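The structure comes first, my notes after.

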Amino acid sequence: MEQKVKIRKSYKRVSKYYDAQMTWAKLYSKIVWGIQDADYAPRLLEWLPDSFSGEMLDVPMGTGVLTCEKYARLKKARIVGLDYSGDMMENARLRFGKADINIVTFLQGDVGSLPFEEERFDAVLSMNGFHAFPDKEAAFRETKRVLNKGGCFIGCFYVSGETKRTDFVVRRLYVPKGYFTPPFMTKAELSSKLRSLYGACELFTVGSIACFKCVKP
């Protein structure tokens, strides 16, 4: 519980400048991560077709900065956005409102204990969240539990061992500040984990960000 409180406080602080940071952070990202969001996010979101007409869970929703443009094209989808940080989610609510996106329902909650019945969603999207979750095993278990058979689990998060300078910053800054929570997986460990849960999966890395798509058998 202490770890969850620390995470909530950390993202309450960062929510005040997160979107501004996402704007000026292009140079910062190049220095620390060696990449920018545009290097992987659009490619990952291509796995979710614009014609998608089912119900999707987006966890953690964050501020919607990476998904707003995509969601504007999902005219037939129904999306539940869940995040542990109400402050981050409020930013998403404002962003989507300005973009006239009305397909999203917002819910504050914990990915480790999702308040949904089994096989509720046709897709689950999780962008840049697993590296912050304190109980990653519960997150893997819950996201699979609420996904329909034949549904897609699409996501991305930080993996260690790909970029030394990124690993250093994560270890020395992000972990002490409560933004990221160890342990962290390597690309090989993530691949093995996803295959054990879903069988075949697609996976690629851009810098220290691993992107994946799995289909629930």
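I took helices (H or I, at least four residues) and strands (E, at least two) as DSSP runs, numbered from the N terminus. On that basis I find eight helices and seven strands in the chain.

I noted the ground rules. This is a predicted model, where local features need pLDDT of at least 70 and side-chain atom pairs pLDDT 80 or more, while totals for chains, interfaces and linings use all residues. Residues are numbered from 1 along each chain as its sequence is written, and side-chain values use heavy atoms, without hydrogens and water.

I looked up burial next. Of the 217 residues, 52% are buried (under 20% relative accessible area, 1.4 Å probe, protein chains only).

Then I searched the whole structure for aromatic pairs and got 19. Rings of Phe, Tyr and Trp (its six-membered ring) pair if their centres lie within 6.5 Å; planes under 30 degrees apart are stacked, over 60 edge-to-face, the rest tilted.

I picked out Phe130 and Phe153. Their pair is tilted, at 6.2 Å centre to centre and 55 degrees between the planes. Phe130 lies in the loop between strand E4 (121-127) and helix H6 (136-145), and Phe153 in strand E5 (residues 147-158), so the pair ties together parts 23 residues apart in sequence. Both Phe130 and Phe153 are buried. Ring pairs also link them into a cluster with Phe133, Phe140, Phe157, Tyr198 and Phe212.

Last, I checked charges over rings (NZ of Lys or CZ of Arg within 6 Å of the ring centre and within 35 degrees of the ring normal). The charged end of Arg43 sits over Phe204, 3.6 Å from the ring centre. That of Arg93 sits over Phe106, at 4.6 Å.

Notes
Buried means under 20% relative accessible area, exposed over 50%, partly exposed in between (1.4 Å probe, protein chains only).
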